[in-house]
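I am opening a notebook page on this structure, and I will write down what I looked up in the order in which I looked.

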Amino acid sequence: DASRIAAVVLASGIAGLADISVRAPVDLIVTRSQASSTGIDTSWLDLDQDGKVTKEELSLSLGSALQDGWRKVPTLVVTDLPFSLARTATYLTLKQSGALSDLLSGIPNSTTRDSLLLVLCASVCALLTTPLDVARTKLIVEKTNDSNVIECLQAIVREEGAKGLMKGSLLRTIYWGVIVAAITPLRSLGYTAFRDSILLNT
């Protein structure tokens, strides 16, 4: 029922918040490295003129990078969570209501039907939340304390037009909507098989 769906979505949101809080610093460095011309972001290191860094300087630089990453947590929450929450809510709602049961009725295997439904929901949600992902990347790469997502989206429209909000939408949809969504059930099945093999052998 609706209360169960709400509980699952809430649990998913809490888990997503915890995940973002833990990976934010590393995610920030990785994203900046991807946007760097050298492929490696060393801006968080306090390098000497000869390109070297002492252990003390490394410790301070790493601490600064961690703080910078955690300052971006609100930005990551606003831009990352909508996709995962929408995907979970849409999937559970459609599965429970059977709204697409006629469309998938020709598929005899229930696991395959659920996987295709998840791929469909994830693809649509990934496409619709692309503007948030574009803003996320821009706010992280520009190395600013500003985390106003709305203002960032407005700036993108002013500078690049509405099409700028959909940059990378195809690749994002393929990755999150097809690849990740298709692998998720396989991962669950693999975990179950691995768990059962251990329990049966003990």
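My opening question is this: is Tyr175 buried, partly exposed or exposed? Since the model is a predicted one, I treat each value below as computed from that model. I find a relative accessible area of 42% for Tyr175, and because buried means under 20% and exposed means over 50%, Tyr175 counts as partly exposed.

I then looked at where Tyr175 sits, and I found this residue in helix α8, which covers residues 169–200. Tyr175 also belongs to a nonpolar surface patch of about 770 Å², which Leu170, Leu171, Ile174, Trp176, Val178, Ile179 and Ile183 make together with it.

The largest nonpolar core has 11 residues, among them Ile5, Val9, Tyr91, Leu104, Leu117 and Ala181. I noted that α1 (2–35), α3 (73–97) and α5 (110–128) are the elements giving two or more residues to this core, and that α5 supplies the largest share, five residues. A second, separate core has nine residues, including Val134, Ala135, Val149 and Leu153.

I looked up Leu117 on its own account: leaving aside neighbours within four places in sequence, I find Leu117 in contact with Tyr91, Leu94, Lys95, Leu100 and Leu104.

Last, I recorded the whole chain. I count eight helices and zero strands, and 31% of the 202 residues are buried. Of the contacts between residues at least 6 apart in sequence, 70% join residues at least 24 apart. The accessible surface comes to about 12500 Å², and carbon and sulfur atoms account for 64% of that surface.

Terms used: Residues are numbered from 1 along each chain as its sequence is written. This is a predicted model: local features need pLDDT of at least 70, side-chain atom pairs count only at pLDDT 80 or more; totals for chains, interfaces and linings use all residues. Side-chain values use heavy atoms; hydrogens and water are left out. Patches are made of residues with over 30% relative accessible area and no salt bridge: like charges are joined within 9 Å, nonpolar side chains (Val, Leu, Ile, Met, Phe, Trp, Tyr) within 5 Å. Accessible areas come from the Shrake-Rupley method with a 1.4 Å probe; for residues, only the protein chains shown count as cover. A salt bridge is a side-chain nitrogen of Lys or Arg within 4 Å of a carboxyl oxygen of Asp or Glu. Helices (H or I, at least four residues) and strands (E, at least two) are DSSP runs, numbered from the N terminus. Buried means under 20% relative accessible area, exposed over 50%, partly exposed in between (1.4 Å probe, protein chains only). A nonpolar core is a set of buried Ala, Val, Leu, Ile, Met, Phe, Trp, Tyr and Cys residues joined through side-chain atoms within 4.5 Å. Contact means heavy atoms within 4.5 Å.
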